[in-house]
Amino acid sequence: QVDLVESGGGLVQTGGSLRLSCAASGRIYSSTFMGWFRQAPGEEREFVAGIRWGVGNTYYADSVKGRFTISRVSAENTVYLQMDSLKPEDTAVYYCAGNRGGYSTTYASYNFWGQGTQVTVSS
């Protein structure tokens with residue numbers, strides 16, 4: 001059983017930055033793929049970024065490539081999402097999730113989820 005708690009969301013102006021944190025309780029195995037998803041009102045939940053827990057390989061959606069950076073600190077059992085050059089279209093609830101089966105951009109593949117944190121970017 002792994003519980004995830006996100007933090008770091010808030011209101012920021014266009015061009016600003018936020019850093020989201022996802023703290024995990026319970027063991028995360030090296031084969032686990034940790035992802036950040038987001039969901040805007042009336043929209044599907046979409047993959048934003050992901051990282052292989054063991055080796056640290058990172059993956060990004062095209063919409064955030066070059067602006068967002070995902071990282072993990074194994075000793076802290078925490079995944080981070082640094083978000084720079086934020087745009088109004090980045091406004092959404094951001095969720096952290098884990099997939100024991102490895103890399104996936106499909107939210108249905110994920111085994112455990114956090115409650116989400118709201119990110120609002122004003123124009």
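Trainee: Which residue in S3 does Asp3 stand opposite?

Mentor: Asp3 stands opposite Ser25 in S3. Before we go on, this is a predicted model, in which local features need pLDDT of at least 70, side-chain atom pairs count only at pLDDT 80 or more, and totals for chains, interfaces and linings use all residues. Residues are numbered from 1 along each chain as its sequence is written, and side-chain values use heavy atoms, with hydrogens and water left out.

Trainee: And what stands opposite Val5 in S3?

Mentor: Opposite Val5 is Ala23. Strands here are DSSP runs (E, at least two residues), numbered from the N terminus.

Trainee: How many bridges join S1 to S3?

Mentor: Five bridges join S1 (residues 3–7) to S3 (residues 18–25), and the two strands run antiparallel. Two strands pair if DSSP finds at least two bridges between them.

Trainee: What is the strand order in that sheet?

Mentor: The order is S1-S3-S8-S7, an open sheet of four strands with antiparallel pairing. S1 and S7 are the edge strands, each pairing on one side only. Neighbouring strands are turned by 15° against each other on average, direction ignored; the axes are lines fitted to C-alpha atoms, and angles run from 0 to 180 degrees between N-to-C directions.

Trainee: Which residues of S1 are on its covered face?

Mentor: Leu4 and Glu6 are on the covered face, while Asp3, Val5 and Ser7 are on the uncovered one. In a regular strand the side chains alternate between the two faces of the sheet.

Trainee: Changing topic: which cysteines form a disulfide?

Mentor: Cys22 and Cys96 do, with their sulfur atoms 2.1 Å apart; the criterion is a pair of cysteine sulfur atoms within 2.5 Å. The pair links distant parts of the chain, as Cys22 is in S3 and Cys96 in S9, 74 residues apart. The torsion about their S-S bond is about -80°, so the disulfide is left-handed.

Trainee: Are Cys22 and Cys96 buried or exposed?

Mentor: Both Cys22 and Cys96 are buried. Buried means under 20% relative accessible area, exposed over 50%, and partly exposed in between (1.4 Å probe, protein chains only).

Trainee: Which residues touch the most other members of the largest nonpolar core?

Mentor: Met34, Trp36, Leu81, Met83 and Tyr94 do, in a core of 28 residues. S3 gives the most to this core, with four residues. A nonpolar core is a set of buried Ala, Val, Leu, Ile, Met, Phe, Trp, Tyr and Cys residues joined through side-chain atoms within 4.5 Å.

Trainee: Where is Asp90?

Mentor: Asp90 is in the loop between S8 (78–83) and S9 (92–99). Asp90 counts as buried because its relative accessibility is 0%.

Trainee: Which side chains make polar contacts with that of Asp90?

Mentor: The Asp90 side chain makes a polar contact with the side chain of Arg38 at 2.9 Å and another with that of Arg67 at 2.7 Å. A polar contact is a pair of N or O atoms within 3.5 Å; within protein, one must be able to donate a hydrogen and the other to accept it, and residues adjacent in sequence count only if both atoms are side-chain atoms.

Trainee: What about Ser85, buried or partly exposed?

Mentor: Ser85 is partly exposed, because its relative accessible area is 42%. Ser85 is in the loop between S8 and S9, and its phi is near 50°, a positive value in a residue other than glycine.
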